[in-house]
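Me: I am new to this structure and would like to go through it with you. Could we begin with the pockets?

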Amino acid sequence: MIPELLPDHEAAFSPDYASARAKIATLAGDRPAAAIAYANPNVGPTGEPLATETYWFGPRDARDVLVLVSATHGVEGFCGSAAAADWLLTGGPDRIGPSTAALIVHAINPHGFAWLRRTTEEGVDLNRNCIDFDAPLPKNAGYDELATAFVPRSLDAETLAQADARITAYRSLQGAVGLEQARSSGQYTHPEGLFYGGTAPAWSIRTLHALAADHGLAGRRNVAVIDYHTGLGPFGYGEPICGHRPGESGQARCRDWYGPSLGEPLLGRSSSLPIAGLTQYAWAAAVGAERLTFIALEFGTYPPEEGTIALRADHWLHAYGKPDWSSAETQRIKAGLRRFYHPDTRDWRQMVLCRSRIVIDQALAGMARTSD
């Protein structure tokens with residue numbers, strides 16, 4: 001790709017949630033056929049209002065709908081917001097077909113985006129929150145065993161050394177995959193902890209159902225959701241990850257649309273492990289499994305060890321520290337988490353936007369083939 005055709009990353013990316021929100025609203029202008037804001041009951045770190053906002057482009061009765069979702073994991077929202085901005089900057093609304101619409105869902109987890117947290121205001125990881133809470137909650141004995149090592153009560157050198165020794169001992173017995181399953185597959189017993197799934201649907205999941213109903217997504221022929229994420233895989237590479245179960249129609253469509261680059265955790269072919277409670281399941285419930293084709297577009301950043309350190313510090317801050325936005329300690333911890341999930345380098349930004357354009361084109365082409 002010659003330099004002149006590289007994406008304008010400076011125009012697409014924003015420095016914070018409030019700027020990203022304003023940028024999408026400005027770029028959308030008066031073009032959307034519908035724009036709805038879902039106000040979050042909380043405020044950001046400087047008192048700014050929070051909301052999930054949706055912008056509909058194209059005919060309201062479109063048979064096929066492309067959905068671009070940002071900030072499922074809060075701090076990862078820089079990526080998805082920029083991808084939506086790039087789509088608007090490059091004339092995306094003008095390139096969709098006459099029977100196709102596009103829906104931008106900006107900041108489904110606005111609290112996490114604004115506060116630079118992976119979790120919601122409830123401390124919940126949305127990709128662990130979409131389970132049947134009327135049934136017994138999933139158990140994670142490995143997390144229970146290591147909970148105070150994953151998020152210790154202090155970050156002093158001695159406490160961290162003891163915590164890391166426990167984690168190393170667990171890895172020697174259970175292996176690297178066993179440790180990662182204990183750490184990140186989801187847990188429902190430690191609200192202060194990593195990858196906590198909650199005890200009820202979070203505000204963001206309730207909002208997801210509301211926006212799907214408000215935009216009539218259940219009545220479409222195809223709903224193609226691209227949910228933007230960061231933090232897993234090689235630096236700058238965007239892996240389309242399919243959570244559809246083997247044999248489901250969504251799996252077949254994902255394979256057809258996205259080709260050999262598709263990751264499938266349930267088959268052991270992905271940078272991600274299988275996870276219970278994915279937001280994909282909420283989209284399937286709201287839209288209908290047979291019409292949903294869902295991928296998480298996951299962009300790699302830095303080595304996972306760096307993410308482990310940054311995530312541990314952030315959870316410690318909100319569980320046991322003093323999250324004062326003006327303090328040096330808070331800013332240091334937030335900067336570490338932001339750096340891991342949003343590298344903010346020129347090459348990373350350009351790789352994100354290039355890959356996003358490719359995957360959006362694949363989704364639109366796939367819907368066109370499916371509708372024929």
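Reply: A term comes first: Ala, Val, Leu, Ile, Met, Phe, Trp, Tyr, Cys and Pro count as nonpolar, Asp, Glu, Lys and Arg as charged, and the others, Gly among them, as polar. The model is predicted, so local features need pLDDT of at least 70 and side-chain atom pairs pLDDT 80 or more, while totals for chains, interfaces and linings use all residues. Residues are numbered from 1 along each chain as its sequence is written, and side-chain values use heavy atoms, without hydrogens and water.

Me: How do the residues lining the second largest pocket divide by class?
Reply: Four are nonpolar, five polar and three charged. A pocket is an open set of points on a 1 Å grid over the protein atoms alone, with protein on both sides within 12 Å along at least five of seven lines, and lining residues have an atom within 4 Å of a point.

Me: What is the volume of the second largest pocket?
Reply: The volume is about 150 Å³, counted as the space filled by probe spheres set on the points, which are joined across faces, edges and corners. The lining includes His244, Arg245, Glu248 and Tyr281.

Me: Which helix gives the most to that lining?
Reply: Helix α10 does, with three residues. Helices are DSSP runs (H or I, at least four residues), numbered from the N terminus.

Me: Now the cavities. How many are there of 30 Å³ or more?
Reply: The structure holds one, where a cavity is a set of points at which a 1.4 Å probe fits but cannot get out. The largest cavity has a volume of about 40 Å³. Among the residues lining the largest cavity are Val69, Asp227 and Trp283; the lining divides into five nonpolar, two polar and one charged.

Me: Changing topic, at what angle do α6 and α7 pack?
Reply: Helix α6 (residues 141-150) and helix α7 (residues 157-184) pack at about 135 degrees, with axes 11 Å apart. Axes are lines fitted to C-alpha atoms over the stretch in contact, and angles run from 0 to 180 degrees between N-to-C directions. That makes α6 oblique to α7, since angles under 35 degrees count as roughly parallel, over 145 as roughly antiparallel, 65 to 115 as roughly perpendicular and the rest as oblique.

Me: And which residues of α6 meet α7?
Reply: They include Tyr143, Leu146 and Phe150, contact meaning heavy atoms within 4.5 Å.

Me: How do α7 and α11 cross?
Reply: Their axes come within 14 Å and cross at roughly 120 degrees. Among the residues making the contact are Leu160 of α7 and Leu311 of α11.

Technical notes
Helix = DSSP H or I, 4+ residues; strand = E, 2+ residues; numbered from the N terminus.
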